[in-house]
Amino acid sequence: MREAAPTRKTVLRLGHRIDRDKRITSHLGLTARAFGADEVVLSGDRDPSPLETWASVSERFGGRFESRFEPKPMSLLRGASKEGTTIVHLTMYGEPAAEAIPRIPIDRDAIIVVGGSKVPGEVFRISDYNVSIGSQPHSEVAALAVFLNSWIGPIDEDSRFSGGEFTIVPSERNKIVISHEEE
Ligand code: SAM
């Protein structure tokens, strides 16, 4: 397991479409949270629905996951790049994850960019790493899960997701949930 230093790992969702992407964008943020990112940034259509879902899940299941809308994602990337934040772009056209991941520093702030309808060419140029999870088209949710799990490794869920209303207790056969609401 690679030890994650206290740095900020942000997932940037490009090109969200309010009429088509509600569910997948919502799942993308939940996947970012579950697999160790600190924040998801929504861009594209201004849609409160995924932001509400992410806040609600964090309140119920704990942790300090943050989310917000960003009207100018390319400005965000340009500024972050100048400040030394690592930019990782997940794209089926990129270099294989197995080759890229060992070179991506875990001890620096990073933005992981996932696309939507159309990814601007500048994203390929501004990114420090264009990474593919297999060279076939699939889903941004699948790509993000595989990438984060391979890069960050297993996370300590007890410490990361403390402070919520509920804690899920892993079980082979039963559904065990502790409620902290009246504690
Ligand atoms: N048609 C879009 C385009 O112009 O690139 C791709 C749509 S795809 C469903 C949405 C996003 O999923 C991509 O921008 C990329 O971030 C991610 N994705 C899909 N397949 C991937 C792969 N094999 N490796 C890495 N990321 C992938």
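Me: A polar contact is a pair of N or O atoms within 3.5 Å. Which backbone atom lies 2.9 Å from a nitrogen atom of the ligand?

Reply: This is a predicted model in which local features need pLDDT of at least 70, side-chain atom pairs count only at pLDDT 80 or more, and totals for chains, interfaces and linings use all residues. Residues are numbered from 1 along each chain as its sequence is written, and side-chain values use heavy atoms, with hydrogens and water left out. A nitrogen atom of the ligand is 3.4 Å from a polar backbone atom of Thr91, and a ligand oxygen is 3.0 Å from one of Gly115. At 2.9 Å from a ligand nitrogen lies a backbone N or O atom of Ile133.

Me: Which element gives the most residues to the shell around the ligand?

Reply: The ligand is surrounded by 17 residues, each with a heavy atom within 4 Å of it. At least two shell residues come from each of β4 (86-96), β6 (129-132) and α6 (140-151); helices (H or I, at least four residues) and strands (E, at least two) are DSSP runs, numbered from the N terminus. The element that gives the most, with three residues, is β4.

Me: How many charged residues does the shell around the ligand have?

Reply: Asp, Glu, Lys and Arg count as charged, and Gly is among the polar residues. The shell holds seven nonpolar and nine polar residues, and its charged residues number one.

Conventions:
A polar contact is a pair of N or O atoms within 3.5 Å; within protein, one must be able to donate a hydrogen and the other to accept it, and residues adjacent in sequence count only if both atoms are side-chain atoms.
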